Amino acid sequence: MNGAQALLKTLADAGIEVCFTNPGTSEMHFVAALDSEPRMRAVLALFEGVATGAADGYARMAGKPAATLLHLGCGLGNGLANLHNARKGKVPVVNIVGDHATSHVPFDAQLQSDIETVARNVSPGFVRTSNSTAALGGDAADAIIAARGLPGQVATLILPADVSWGEGGIPCPLPARPAAQAADDATVDAIAQAIRGGGKSALLLGGQTLREDALLAAARIAAHSGVKLFCEVFPTRLQRGAGLPAVERIAYLAELAGVQLAGLDHLILIDAKSPVSFFAYPGKQSDLVPAGCQVHTLASPAQDARASLEALAANLGALRAAPLQAPMRPTRPRGRLTAPKVCKAVGALLPEHAIVIDEAITSGLMLGVMTQGSPRHDLLTLTGGAIGQGLPNAIGAAIACPGRPVIALVGDGSAMYTIQSLWTLAREQLDVTVIVFNNASYSVLNVELDRVGAEPAGPKARAQLDLHRPVLDFCRLAQGMGVHAARAETAEDFCKSLEYALAQPGPHLIEAVVPESLSGAKRRILPWMLRALPRLPPAAGLALKRKIAP
C-alpha cells in the first residue's frame with residue numbers, strides 16, 4: 001500500500017465519504033488511489049474556492065467533515081476565502097494540500113511556496129506537513145480528530161508527492177470521540193440567578209444551539225422567564241420555519257443591532273461570541289454590547305451547548321412547551337419583479353425540508369420575514385463574510401442531503417466569484433435551484449460608501465460598484481456550463497420558473513432581473529436614519545428599524 005492509498009483508507013474508515021478536488025501534478029498518486037477506495041466519492045471543482053466552499057456546505061449539513069484536495073500553495077491560496085468562512089463558522093474540514101516531493105523543495109521550483117504559513121490563516125489549530133509515508137496514516141488521523149472536535153475547525157494536512165507515492169503506507173484507526181462537557185452547576189446557577197434577578201435578559205445563540213433540541217430548550221427558557229431570543233448575524237446553520245421556535249437574528253447594520261440590544265442588563269452567550277460591528281466606522285463603537293450590560297457565557301464552542309441549555313431550563317423550572325412558529329405563507333407576488341417579490345415567491349413556494357442558502361446580500365433583506373412561517377427548512381448563511389460562498393455551499397449541501405431540495409439565493413456580484421460551481425452542479429446532476437438577483441450593482445457597497453462618510457463620491461468612485469457595461473447574462477453563463485436557465489422580469493414569470501425548477505430533477509438557474517435594492521434617494525437618507533436611531537426612544541427606534549430593514 002502506498003501513502004495515498006493508506007491516507008484514503010484512513011479517511012474512509014473515519015466516516016469521511018466525500019473529497020472535493022482540484023488536483024495538479026503533485027496530487028496524481030492521490031487521484032490514482034481514489035479507485036482503490038470505493039467508499040470515497042470524488043467531486044471535481046474547476047476552481048479551488050468551489051472545492052473549499054463545497055466542503056464547508058457539506059459539513060454544515062452532514063455534521064461531519066469532508067476532505068478537500070488542493071494543488072500546492074497557489075491552489076490553497078485560491079481556496080482561502082471559503083476556508084475562512086468555514087473557520088468562522090466552526091465547520092469541520094480536512095484540508096489536504098499537495099506539495100512538491102521533499103527532494104525537489106531545495107530547487108525552489110516555480111510553484112514552490114511556504115504552504116504552512118499560508119494555511120495558518122485558516123487552520124490556526126492544526127497545520128502539519130507529513131514527512132514520511134509510514135507516518136502519513138497517523139498524521140491523517142490527527143487531522144480528522146482536530147477537524148471534527150468541538151469546536152469544529154479546518155485542519156490542514158500537507159502531502160508531499162513522495163510521501164504520497166512511497167510504499168509502506170499504514171492506515172490508522174481513530175479512537176472513540178470523547179463526549180463534550182456541559183456547563184458546570186456553578187455556571188448554570190449563576191446565570192439562572194442573573195435571569196431571576198430582574199432586569200432585561202437575552203440569550204444569544206450560535207453554532208450548535210440553532211438545531212431543533214437546543215432551540216426548543218432555549219425557547220422554553222425565553223417563554224418561562226421573559227428572556228429575549230437572538231442568534232448571530234450570520235448563523236452557520238439555522239433550523240427554522242413552521243413548528244420550530246422563532247429566533248431574531250442580530251442585524252448586520254450596527255445601528256440596527258444597537259436598537260435590538262438596547263436596555264439589556266444581561267446577555268448570555270451559548271456557543272456564540274459577544275456581538276461586534278462588522279466593520280469600523282468613524283466615531284462609532286465596535287463593541288455592540290450596551291453600556292451597563294453584563295455578558296455571561298453559559299457554554300463555549302468547546303462545550304455541549306444543547307445539554308447546557310437543558311440544564312439551565314431545568315434550573316429555572318422552564319418545563320412547559322414554548323410557542324412555535326405557526327404555518328404561514330405569503331401570497332404569490334404579481335407585477336414587475338423586485339427583490340422583495342423574489343423573497344415573497346420563495347416563501348410562497350418553499351417545499352418541505354428545503355435547504356436555503358442565503359448570499360443575496362441587500363436583495364435578500366425580506367427573505368427571513370417571507371419564509372418565517374414556511375415549511376421547516378435549514379438556512380445556511382455567509383458566516384465569515386467572504387462572498388462567493390453561496391454556490392459552492394449549495395454543491396456540498398446537496399451532496400450531504402440528496403433527498404432534499406436546495407435553493408441558493410445569490411447576488412450577481414457574489415455569483416461571479418465562484419460561477420464555476422454551475423459546472424459541478426451539472427456534472428453531478430444535483431437538485432439545486434440557483435436564484436441570481438441581477439441588479440447590475442454591488443448594492444451593499446453603495447450603502448457602505450455612504451455609511452463610512454466617504455462622500456462626495458464622483459463617477460469614477462461609483463463606477464467601481466457598478467456592474468453595467470456590460471450587464472452580465474447569467475442564463476447564457478449557466479447554459480454554457482450545462483445548467484438549465486430561465487430569465488424572469490415579472491413576478492408571474494419568476495413563480496412559474498421556480499415551480500418548474502422545483503418539480504424537475506437536476507440543477508436550474510433563475511436570473512431574477514430586479515432594480516437595485518436601495519435607490520439613490522434611499523441610500524442618501526439611510527445614513528441620516530441610522531444616525532438617528534440611537535437618539536430615539538425605544539419604541540420609535542424599533543419603528544424606524546422596521547422601515548429600514550423589515
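Guide: Tyrosine 58 is buried, with a relative accessible area of 4%; buried means under 20%, exposed over 50% and partly exposed in between, for a 1.4 Å probe and protein chains only. The model is predicted, so local features need pLDDT of at least 70 and side-chain atom pairs pLDDT 80 or more, while totals for chains, interfaces and linings use all residues. Residues are numbered from 1 along each chain as its sequence is written, and side-chain values use heavy atoms, leaving out hydrogens and water.

Visitor: How many aromatic pairs does the structure hold?

Guide: Rings of Phe, Tyr and Trp (its six-membered ring) pair if their centres lie within 6.5 Å; planes under 30 degrees apart are stacked, over 60 edge-to-face, and the rest tilted. By that rule the number of aromatic pairs in the structure is five.

Visitor: How many residues apart are phenylalanine 20 and tyrosine 58?

Guide: These two rings make an edge-to-face pair, 6.3 Å centre to centre with 65° between the planes. Phenylalanine 20 is in strand β1 (residues 18-21) and tyrosine 58 in helix α3 (residues 48-62); helices (H or I, at least four residues) and strands (E, at least two) are DSSP runs numbered from the N terminus. Phenylalanine 20 is also buried, at 1% relative accessible area. The pair links distant parts of the chain, with a separation of 38 residues.

Visitor: What is the relative accessible area of phenylalanine 278?

Guide: Phenylalanine 278 pairs edge-to-face with phenylalanine 234, at 5.7 Å centre to centre and 80° between the planes. Phenylalanine 234 lies in the loop between β8 (228-231) and β9 (238-240), and phenylalanine 278 in the loop between β11 (266-270) and β12 (294-299), so the pair ties together parts 44 residues apart in sequence. Phenylalanine 278 is partly exposed, with a relative accessible area of 34%.

Visitor: Which strands stand at the edges of the seven-strand open sheet?

Guide: The order is β9-β14-β13-β15-β16-β18-β17, with mixed pairing; two strands pair if DSSP finds at least two bridges between them. Each edge strand has a single partner strand, so one of its sides is left without a neighbour in the sheet. The edge strands are β9 and β17.

Visitor: What is the bridge partner of alanine 488 in β18?

Guide: β17 pairs with strand β18 (residues 508-513) in the parallel sense, over five bridges. β17 covers 484-488. In β18, alanine 488 has as its bridge partner alanine 512.
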